[in-house]
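Hi everyone, thanks for coming along.

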Amino acid sequence: MALHIGGHVDSTDPIAEARARGGTLSQFFLGDPQSYKGPTIAYAAGPAALKADAEAAGVDLYVHAPYPINVASTNNRIRIPGRKLLQQHLTAAAEIGAKGVIVHGGHLGKDEDAAIGFDNWRKCIDGLDMPVPLLIENTAGGDNAMARRLEAIARLWDAIGAAEGGDTVGFCLDTCHAWAGGNDLSTMVDRILAITGRIDFVHANDSRDTFDSGADRHTNFGSGEIDGTEVSDLVRAAGCPVVVETPGGVEGQSADITWLRDHVGS
Ligand SMILES: [Zn+2]
């Protein structure tokens with residue numbers, strides 16, 4: 001299986017970043033990942049040129065939504081701006097011809113009723129215009145996360161399935177988050193597929209922290225706590241595009257991409 005793979009890169013020239021890593025795709029933020037400010041396209045020639053140039057280069061683009069987005073939140077001042085920001089990113093992603101927008105599953109406070117969070121997800125999907133697929137990513141931490149453990153992901157998918165357009169929402173499986181979130185990587189693909197029927201994207205990362213630690217700290221393959229074979233087996237089983245969100249820039253990510261290619265095999 002020829003891996004369709006790349007790195008999480010700076011957004012100025014994601015095509016050059018893919019080439020520098022020997023990759024066929026790039027993932028990036030549209031602006032400051034910690035901010036509620038709307039998306040910006042850093043590519044000098046503008047969004048239409050980025051779309052055309054990426055197509056010509058055979059590089060697929062994926063947009064990662066900003067971290068503060070938490071559409072499950074019971075707090076109007078978090079949930080409503082988050083929905084707006086997510087919509088802005090979906091719209092901008094379409095302008096650059098991106099294949100998807102990845103967003104974290106979000107969470108509630110420890111003592112809040114999770115059912116409200118799942119229903120907020122349903123309402124969010126109902127209200128979104130999705131010109132490109134929205135891919136919900138599993139997260140590592142939190143006691144009341146919407147997409148950390150399988151039981152929650154099943155409830156999330158039930159809620160989304162009841163929303164208009166819910167059948168177009170996809171899943172992004174992060175190996176560091178799954179591990180640190182307390183999920184068995186060897187069965188994760190089958191168990192996610194049993195819930196969602198699809199895995200659209202894999203974030204392949206090692207974890208600096210131990211199993212079920214709840215910590216979200218990515219690292220390069222071989223320098224973290226995960227047995228590399230578990231990651232390569234998961235990538236092979238998922239059979240979808242892959243991005244490494246690991247440190248070390250071009251050098252570090254190129255090594256991770258090469259490692260995965262060698263271990264997933266052909
Ligand atoms: Zn990730």
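**A walk from the metal site outwards**

Let's begin at the metal: the zinc ion is held by E137 through OE, D174 through OD, H203 through ND1 and E245 through OE, at 2.1 to 2.2 Å. Please keep in mind as we go that this is a predicted model.

How are those donors spaced along the chain? They follow the pattern E-x36-D-x28-H-x41-E. Take H203 and E245, which are 42 residues apart and link distant parts of the chain. H203 sits in strand 7, residues 201-203, while E245 lies in the loop between strand 10 (242-244) and helix 9 (249-264). Are these two buried or exposed? Both H203 and E245 are buried.

Now, the geometry. For comparison, four tetrahedral donors would ideally give angles of 109.5 degrees. Around this zinc ion, the 4 donor atoms subtend angles of 84 to 167°, so the arrangement is irregular. To count as tetrahedral, all angles would have to lie between 85 and 135 degrees.

Let's move on to the helices. When two helices pack, we describe them by the angle between their axes and the distance between those axes.

The pair I'd like to show you here is helix 3 (residues 76-95) with helix 4 (residues 114-127). They pack at about 40°, and their axes are 11 Å apart. Helix 3 and helix 4 are therefore oblique to each other, and their crossing is right-handed. Which residues meet there? From helix 3 we have R79, R83, L86 and Q87, and from helix 4 we have N120, K123, C124 and G127.

Next come helix 5 (residues 150-161) and helix 7 (residues 185-196), with an angle of about 25° and axes 9 Å apart. Because of that angle, helix 5 counts as roughly parallel to helix 7. The crossing of helix 5 and helix 7 is right-handed. On the helix 5 side you'll find L150, I153, A154 and W157, meeting M188, R191, I192, I195 and T196 of helix 7.

One is D212, in the loop between strand 8 (206-207) and strand 9 (218-219). Most residues other than glycine have a negative phi. D212 is not a glycine, yet its phi is positive, at about 65°. With 35% relative accessibility, D212 is partly exposed.

Another is K110, found in the loop between strand 4 (100-104) and helix 4. K110 has a relative accessible area of 61%, so it is exposed. What does K110 touch, leaving aside its neighbours within four places in sequence? K110 is in contact with D143 and N144. Its C-alpha is also 8.9 Å from that of A145, a residue 35 places away in sequence.

And then there is L3, in the segment before strand 1 (5-8). Its relative accessible area is 9%, which means that L3 is buried. Not counting residues up to four places away, L3 touches T24, V235, V242, L260, R261 and V264. L3 and I257 are 254 residues apart along the chain, and their C-alpha atoms are separated by 9.2 Å.

Note on methods:
Residues are numbered from 1 along each chain as its sequence is written. This is a predicted model: local features need pLDDT of at least 70, side-chain atom pairs count only at pLDDT 80 or more; totals for chains, interfaces and linings use all residues. Side-chain values use heavy atoms; hydrogens and water are left out. Donors are N, O and S atoms within 2.8 Å of the metal (3.2 Å for Na, K and Ca); water is not among the atoms, so sites may look incomplete. Four donors count as tetrahedral if all angles lie between 85 and 135 degrees; four count as square planar and six as octahedral if opposite donors are over 155 degrees apart and all others between 65 and 115; anything else is irregular. Helices (H or I, at least four residues) and strands (E, at least two) are DSSP runs, numbered from the N terminus. Buried means under 20% relative accessible area, exposed over 50%, partly exposed in between (1.4 Å probe, protein chains only). Axes are lines fitted to C-alpha atoms, for helices over the stretch in contact, and angles run from 0 to 180 degrees between N-to-C directions. Angles under 35 degrees count as roughly parallel, over 145 as roughly antiparallel, 65 to 115 as roughly perpendicular and the rest as oblique. A crossing is left-handed if the near helix is turned anticlockwise from the far one by less than a right angle, and right-handed if clockwise. Contact means heavy atoms within 4.5 Å.
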